[in-house]
Amino acid sequence: MEIDKAIGESDDKRLKTKYNNAIFVIKRALALYSIEEVAFSFNGGKDSTVLLHLLRAGYFLHKKEVSCSNGGLSNFPVRTIYFESPSAFTEINAFTYDAAQTYNLRLDIIRQDFKSGLEALLKANPIRAIFLGVRIGDPTAVGQEQFSPSSPGWPPFMRVNPILDWSYRDVWAFLLTCKVKYCSLYDQGYTSIGSIHDTVPNALLSVNDSSSKEKFKPAYLLSDGRLERAGRVKKIASVKNDVDSDSQKHEVLLASVIAVGDEILSGTVEDQLGLSLCKKLTSIGWSVQQTAVLRNDIDSVSEEVDRQRSICDMVFIYGGVGPLHSDVTLAGVAKAFGVRLAPDEEFEEYLRHLISEQCTGDRNEMAQLPEGITELLHHEKLSVPLIKCRNVIVLAATNTEELEKEWECLTELTKLGGSSSLMELYASRRLMTSLTDVEVAEPLSKLGLEFPDIYLGCYRKSRQGPIIICLKGKSNARIDSAVQALCKKFKENVFVEIK
Ligand SMILES: Cc1cc2nc3c(=O)[nH]c(=O)nc-3n(C[C@H](O)[C@H](O)[C@H](O)COP(=O)(O)O)c2cc1C
Ligand SMILES: Nc1ncnc2c1ncn2[C@@H]1O[C@H](COP(=O)(O)OP(=O)(O)OP(=O)(O)O)[C@@H](O)[C@H]1O
Ligand SMILES: [Mg+2]
């Protein structure tokens with residue numbers, strides 16, 4: 001088999017090790033699942049091209065072991081799926097179809113989004129495992145292992161990632177050693193390929209020459225593989241503006257509070273921090289849109305953070321921060337922003353001071369932060385800086401005392417509490433009444449129409465007990481007018497002002 005032979009004849013020891021490990025994973029998968037139960041997700045990219053050849057070799061070696069046959073490889077029966085999109089490069093499409101023909105692939109072309117396409121595929125076929133060319137540096141690799149079940153919310157299958165631990169250099173060493181064809185875009189300076197809308201040649205491969213047209217060196221000449229995604233234009237979809245830069249845009253700033261902890265969900269520990277954060281935020285004029293308690297699970301965290309960061313001005317998340325296996329919050333935040341976790345030297349330095357004596361394991365693990373989006377907020381009162389990933393603040397506090405300290409530093413370091421006029425803009429009054437809810441319902445909803453700029457909130461202390469009405473708004477004068485208008489709708493003295 002030409003791939004196995006090429007690697008066998010190479011004297012690149014590192015490549016041999018990577019190859020053998022990947023083949024081991026492929027053979028395990030082929031032993032666990034029948035051929036009808038596996039599929040290969042192929043998109044013409046360099047990583048999936050590596051995987052194509054590894055799978056061909058792995059299948060050949062697996063066959064040889066189980067049937068002692070030494071047959072050729074004209075037949076590669078693993079179902080191959082390609083999600084074709086109108087925004088794919090024509091070169092990628094052409095290469096994918098070309099490879100399918102050359103290697104006799106059973107190609108299924110799917111023209112739906114990944115999730116719906118996979119749902120339909122799994123309904124129609126007995127597929128239980130899908131091979132992917134995901135590598136550890138990819139944003140989507142966060143939290144994955146060589147065998148990782150699909151995420152909650154996705155149809156159930158095993159994701160098999162044989163080249164998860166391969167570096168950019170390993171990928172090129174393999175493609176060049178095996179002398180296999182790859183998509184022509186990689187010879188034109190593209191180093192990682194997404195859609196035509198978010199991918200350009202990698203500027204680090206640009207060659208200065210006198211002609212007007214910019215030229216690029218081939219992808220395999222990129223010396224620092226960590227920069228392979230430098231040609232990917234960042235997707236920062238509809239994220240609200242950072243309060244630091246744009247705190248005055250909205251009349252009321254919106255916050256979301258997220259707790260991460262299985263111990264809260266099981267009722268073992270009572271969450272005090274959420275309550276305290278809501279009070280603190282409300283006291284400085286923020287409107288808390290939602291609180292959530294999540295499992296210690298990367299995908300749960302990433303989905304919730306992704307949702308909240310685009311709705312709210314600021315997301316506050318706590319719990320699940322540290323070096324334990326259950327500490328997945330930062331990985332979830334990284335995944336929500338589509339970036340990877342990477343070691344942060346500055347943060348590592350803080351941790352080294354803090355834990356140097358007690359540290360037995362790999363300190364680096366704890367110093368991994370979402371790459372390219374993390375800002376460390378230093379304060380002399382804190383031994384470790386606060387972590388801010390765009391509009392997500394990750395709090396390390398585990399109790400209300402620690403939160404108190406972090407909050408104090410946070411409000412000093414950012415404009416959360418408004419060195420701006422936020423505090424002055426914010427006014428509120430609370431009224432209590434023993435009128436029934438039926439009596440106040442209609443007048444209150446009319447008041448809401450008359451004062452659309454005022455927030456009107458109501459709650460009861462008990463089913464039969466008094467009702468409390470909160471009025472919040474931009475100015476005391478407006479609130480006072482609303483209170484007067486409300487009082488006019490009833491007999492005198494039915495409302496008592498409370499603090
Ligand atoms: C076969 C297949 C399975 C996938 N399974 C999952 C999954 O279980 N969970 C998930 O969050 N994304 C899954 N994805 C989506 C990928 O993680 C990722 O979003 C996708 O490759 C798009 O990457 P891009 O945004 O860089 O183009 C899957 C994609 C494919 C093709
Ligand atoms: N449109 C698609 N159809 C089928 N599989 C896909 C598709 N997009 C991604 N995949 C799967 O996800 C893997 C990871 O995608 P990724 O974009 O990181 O790598 P690549 O496309 O192979 O190489 P590159 O990093 O150069 O773009 C692919 O190797 C492939 O297995
Ligand atoms: Mg790609």
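In what order do the four strands of the open sheet stand, and with which pairing? I began my notes with this point, bearing in mind that the model is a predicted one.

**Entry 1: the four-stranded sheet**

I read the order as S18-S19-S17-S20, in an open sheet with antiparallel pairing. I found strand S18 (455-460) and strand S20 (495-498) at the edges; each has a single partner strand, so one side of each is left without a neighbour in the sheet. On average, neighbouring strands here are turned by 25 degrees against each other, direction ignored.

I then followed one pair. Strand S17 (residues 427-433) joins S20 in the antiparallel sense, over four bridges. Looking up threonine 433, I found its bridge partner in S20 to be phenylalanine 495.

Helix H15 (residues 437-450) lies across S17, S18 and strand S19 (467-473). Its direction runs at about 170 degrees to S18. Helix H16 (residues 476-488) lies across S17, S19 and S20, and runs at about 20 degrees to S17.

**Entry 2: the six-stranded sheet**

I next looked up an open sheet of six strands, whose order is S10-S9-S11-S16-S15-S14. Its pairing is mixed. I recalled that strands of a sheet pair through backbone hydrogen bonds, either parallel or antiparallel. Which strands stand at the edges of this sheet? They are strand S10 (287-294) and strand S14 (374-377); each has a single partner strand, so one side of each is left without a neighbour in the sheet.

Phenylalanine 316 stands opposite isoleucine 393 in S16. I also recorded that H9 packs on the sheet, where it touches strand S9 (254-260), S10 and S11. The direction of H9 makes about 165 degrees with that of S9.

**Entry 3: H9 and H13**

I stayed with H9 and turned to its helix neighbour. The axes of helix H9 (residues 273-283) and helix H13 (residues 400-413) come within 10 Å and cross at roughly 30 degrees. Angles under 35 degrees count as roughly parallel, and H9 and H13 are therefore roughly parallel to each other. The crossing in which H9 passes H13 is right-handed. On the H9 side I listed Leu273, Ser276 and Lys280 as making the contact, and on the H13 side Thr400, Leu403 and Trp407. By class, the residues of the contact of H9 with H13 are three nonpolar, two polar and one charged.

**Entry 4: H10 and H11**

At what angle do the axes of helix H10 (residues 298-311) and helix H11 (residues 329-336) cross? I noted roughly 50 degrees, with the axes coming within 7 Å. H10 and H11 are therefore oblique to each other. Their crossing is right-handed. The contact includes Ile298, Val301 and Val305 of H10, and Ala331, Val333 and Ala336 of H11. The residues of the contact of H10 with H11 divide into six nonpolar, three polar and three charged.

**Entry 5: H2 and H3**

I found that the axes of helix H2 (residues 13-32) and H3 come within 9 Å and cross at roughly 60 degrees. H2 and H3 are therefore oblique to each other, and their crossing is right-handed. Ala22, Ile23, Ile26, Lys27 and Leu30 in H2 meet a set in H3 that includes Leu54, Leu55, Tyr59 and His62. I counted by class nine nonpolar, two polar and one charged in the contact of H2 with H3.

**Entry 6: the two ligands**

For ligand 1, I listed among the surrounding residues Ser41, Phe83, Phe114, Trp154, Arg159 and Gly194. The shell around ligand 1 divides into six nonpolar, five polar and one charged.

Technical notes. Residues are numbered from 1 along each chain as its sequence is written. Chains are lettered from A and ligands numbered from 1 in the order in which they are written. This is a predicted model: local features need pLDDT of at least 70, side-chain atom pairs count only at pLDDT 80 or more; totals for chains, interfaces and linings use all residues. Axes are lines fitted to C-alpha atoms, for helices over the stretch in contact, and angles run from 0 to 180 degrees between N-to-C directions. Helices (H or I, at least four residues) and strands (E, at least two) are DSSP runs, numbered from the N terminus. Angles under 35 degrees count as roughly parallel, over 145 as roughly antiparallel, 65 to 115 as roughly perpendicular and the rest as oblique. A crossing is left-handed if the near helix is turned anticlockwise from the far one by less than a right angle, and right-handed if clockwise. Two residues are in contact if their C-beta atoms, placed from the backbone, lie within 7 Å. Ala, Val, Leu, Ile, Met, Phe, Trp, Tyr, Cys and Pro count as nonpolar, Asp, Glu, Lys and Arg as charged, and the others, Gly among them, as polar. Two strands pair if DSSP finds at least two bridges between them. A residue is near a molecule or strand if its C-beta atom, placed from the backbone, lies within 6 Å of it.
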